[in-house]
Amino acid sequence: MSETVAAGGPPEQEAFLQLRDVAKNLGGNPVLAGVSLDVFEGDLLGLLGPSGSGKTTLLNIIGGFTDLDAGSVRIAGQDLTALPPHRRDIGITFQKYALFPHLTVFDNIGFGLRQRKVAAPELRQRVGEMLAVLGLTGLAGRYPRSLSGGEQQRVALARALAVRPRLMLLDEPLANLDAALRQRVRFEIREILRSTGVTSIFVTHDQDEAFALCDRVAVLRGGRIQQIGTPAELIYQPANAFVARFIGSPNVFEASVQHYDAQTQSIRFVRDRFTGAACVRAPLTPGTRVEVFVRPDEVVIARADDVQPAKFRVKDWVHLVSGREAWIEGPITLRARLPSEATHLERGAAVIPSWRPERAHAFAIEPAPPAAATT
Amino acid sequence: MMRVLVVLAVVFATLPGVIVVLASLTAGQSLAFPPQGLSLRWYEVIFADPDFRDALLTSLTLATITSLLAVSLSALAAISIVRYRSRATALIEAMLLSPLAVPHIVIGIGILQLYGYFGLRADLLTLTLGHLIITIPFALRMLITSLAGMDRQIEHAAASLGATPRAILFQVILPQMKMGLLGAAISVFILSFDDVALTVFLVQPGYTTVPIMLFGMAENQVLPSIHAASVILLLASWLGVILIDRLIGFDRFLFRDGPSG
């Protein structure tokens with residue numbers, strides 16, 4: 001994992017934030033096992049991973065709150081490793097907001113400007129601007145504990161942005177908001193970050209959030225970056241089984257390779273008497289055990305006619321906001337998401353599932369690689 | 001049944017105080033309960049006594065200085081113990097808390113020996129040092145609890161906004177500890193103002209505190225003036241308790257489960 005992963009960014013441009021082989025052990029366990037990452041100026045990068053993947057540790061290292069064991073962190077060519085947090089000029093919003101409980105909203109937002117000895121008239125003006133941008137004007141005199149979660153989130157954002165930091169780190173900014181508010185705040189944050197043009201890293205465990213907010217997303221697991229790419233790249237070209245499983249809650253089943261086609265870089269696989277196609281990232285020999293991933297909305301089901309022997313039957317229907325999902329049972333159980341206007345197939349109907357080969361992904365099952373973090 | 005027990009407990013706890021207050025208000029020449037008529041004459045007597053006035057001044061000065069010093073030192077110690085955990089800070093914590101395991105009377109005898117060895121006389125300095133030893137463990141424990149409940153990320157947020165470690169201490173940590181500091185200061189004041197077991201070894205004729213003076217008076221002749229002086233001690237302690245309750249809330253002071261801030 002020592003090669004620099006910088007998919008999407010123009011390669012000739014020097015990255016604004018450069019992480020090189022960043023490693024960190026905590027209590028004997030490697031939390032970060034050599035992370036290299038480039039973030040370009042003005043980028044909004046998502047850092048996506050399950051809990052325990054090392055996201056927060058990485059954020060703490062960039063912020064300067066945790067020392068790294070190996071590797072380097074550079075911003076605009078400057079090595080940050082020996083720089084204390086208060087001289088890094090990095091704005092951070094924390095999951096639990098971490099507002100100053102003893103200060104008003106106005107003084108929370110003005111805190112960073114006070115540290116920079118900004119004169120009172122300019123401070124009032126700049127805090128006023130932040131209050132206006134984030135729709136907090138009426139709340140200037142209130143204390144954090146009297147604010148709603150959404151309001152506290154906006155104060156935290158305003159406080160960090162008021163000093164115009166060169167980099168923004170947002171740690172799970174939506175995790176403590178209820179579902180309805182999350183949707184709205186998500187786009188508010190995107191708009192504000194876009195309008196300020198500040199380079200940002202957005203940490204989340206929620207792929208919808210990462211995809212909705214970010215241009216590029218880095219998937220982290222066990223202290224290693226699994227893949228960096230646009231949301232579309234992560235969905236349609238997952239780099240490994242972990243990314244394929246993590247994104248889009250796919251159908252997952254085991255099968256064995258029947259035939260590898262080098263031209264289309266795809267395989268035909270067989271599972272019991274069911275055969276299908278999937279694309280692969282590397283040549284596979286027949287007989288190799290693979291795991292196949294295919295997202296429900298890629299699975300098409302058709303009523304079986306008399307010619308083809310039906311191997312699947314409709315077991316149940318589930319209604320979702322985005323349509324309906326059929327559970328079909330055969331050699332394996334598959335979920336197939338259908339638009340609500342699609343033909344209804346009664347329970348027990350004989351059906352045949354299919355998908356475009358490039359929409360299914362197969363990865364050889366290897367003995368489990370040593371996980372970087374055991375927790 | 002529970003009610004009866006509660007009432008009995010309250011009566012048991014308050015009765016001595018009530019009796020002392022009533023007895024101190026007697027108009028008679030000698031101690032009597034119930035009091036013979038009501039008057040403040042014994043308060044006049046005690047306040048007319050220059051020795052008592054000296055002792056009261058000593059007690060108040062001692063308690064105030066002990067309180068300020070114990071809380072300042074404990075606050076600094078608590079911050080390093082909670083924020084910079086290491087073997088060294090664990091050792092410092094254990095040392096500062098260790099007087100809790102030694103009876104005050106034993107500490108008193110030890111200090112008496114030590115002061116005797118160095119030829120130190122009873123004065124504000126020697127008394128304050130003694131009181132610091134017994135009050136710092138209480139203040140430290142309270143402040144460690146109050147700090148441990150604080151969100152470390154608030155300090156990280158301050159640092160990310162450009163606050164130096166010094167600015168974080170004065171603008172972020174200490175303001176958030178305000179209630180804990182106040183509570184510790186009042187507790188230390190009461191502990192110092194009331195202490196007998198240690199103080200009795202540190203005073204000498206001509207330089208004493210109110211509780212020790214009362215102790216001496218009670219050995220000779222029990223007059224209502226002792227009760228009047230006791231009531232003054234009682235009022236000072238009550239004032240502290242009422243202040244804690246008004247400012248912090250007594251439940252939070254004892255159990256520390258209230259919301260932060």
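Student: Where does A:Gly248 lie?
Tutor: A:Gly248 is in the loop between α8 (241–246) and β11 (251–261) of chain A. Helices are DSSP runs of H or I with at least four residues, strands are runs of E with at least two, and both are numbered from the N terminus. Before we go on, this is a predicted model, where local features need pLDDT of at least 70 and side-chain atom pairs count only at pLDDT 80 or more, while totals for chains, interfaces and linings use all residues. Residues are numbered from 1 along each chain as its sequence is written, chains are lettered from A and ligands numbered from 1 in the order in which they are written, and side-chain values use heavy atoms, with hydrogens and water left out.

Student: OK. What is A:Gly248 in contact with, leaving aside neighbours within four places in sequence?
Tutor: A:Gln207, A:Arg295 and A:Pro296. Contact means heavy atoms within 4.5 Å.

Student: And why does A:Gly248 count as partly exposed?
Tutor: Because its relative accessibility is 24%. Under 20% relative accessible area is buried, over 50% is exposed, and partly exposed is in between (1.4 Å probe, protein chains only).

Student: Switching to charges: how many salt bridges over all chains?
Tutor: The count comes to 24. The rule wants a side-chain nitrogen of Lys or Arg within 4 Å of a carboxyl oxygen of Asp or Glu.

Student: Which side chain does A:Glu291 meet in a salt bridge?
Tutor: A:Arg245, at 2.8 Å from N to O. A:Glu291 sits in strand β14 (residues 289–294) of chain A and A:Arg245 in helix α8 of chain A, so the pair ties together parts 46 residues apart in sequence.

Student: Are those two residues buried or exposed?
Tutor: A:Glu291 counts as buried at 17% relative accessibility, and A:Arg245 counts as partly exposed at 41%.

Student: What about A:Arg20 and A:Asp38, how do their side chains meet?
Tutor: In a salt bridge, 3.1 Å from N to O. A:Arg20 belongs to strand β1 (residues 17–26) of chain A and A:Asp38 to strand β2 (residues 29–39) of chain A, 18 residues apart. A:Asp38 is buried, with a relative accessible area of 7%.

Student: On to the interface. How many residues of chain A are in contact with chain B?
Tutor: 19 residues of chain A, against 19 residues of chain B. The buried area is about 1,800 Å², with 66% of it from carbon and sulfur atoms; that is accessible area (1.4 Å probe) that two parts lose on being put together, summed over both.

Student: Which residues of chain A lose the most area there?
Tutor: A:His86, A:His102 and A:Gln115, together 30% of what that side buries.

Student: And how many salt bridges cross the interface of chain A and chain B?
Tutor: The rule finds 0.

Student: Over in chain B, why is helix α7 largely enclosed?
Tutor: Because 8 of the 9 residues of α7 (residues 152–160) of chain B are buried, so the rest of the structure largely encloses it. The cover over those buried residues includes β6, α2 and α4 of chain A, together with α3 (50–83) and α8 (165–176) of chain B.

Student: What follows α7(B)?
Tutor: B:Gly162, with a positive phi near 100°.

Student: Last one: where is B:Thr135, and is B:Thr135 buried or exposed?
Tutor: B:Thr135 is in helix α6 (residues 124–148) of chain B. B:Thr135 is buried, with a relative accessible area of 0%.
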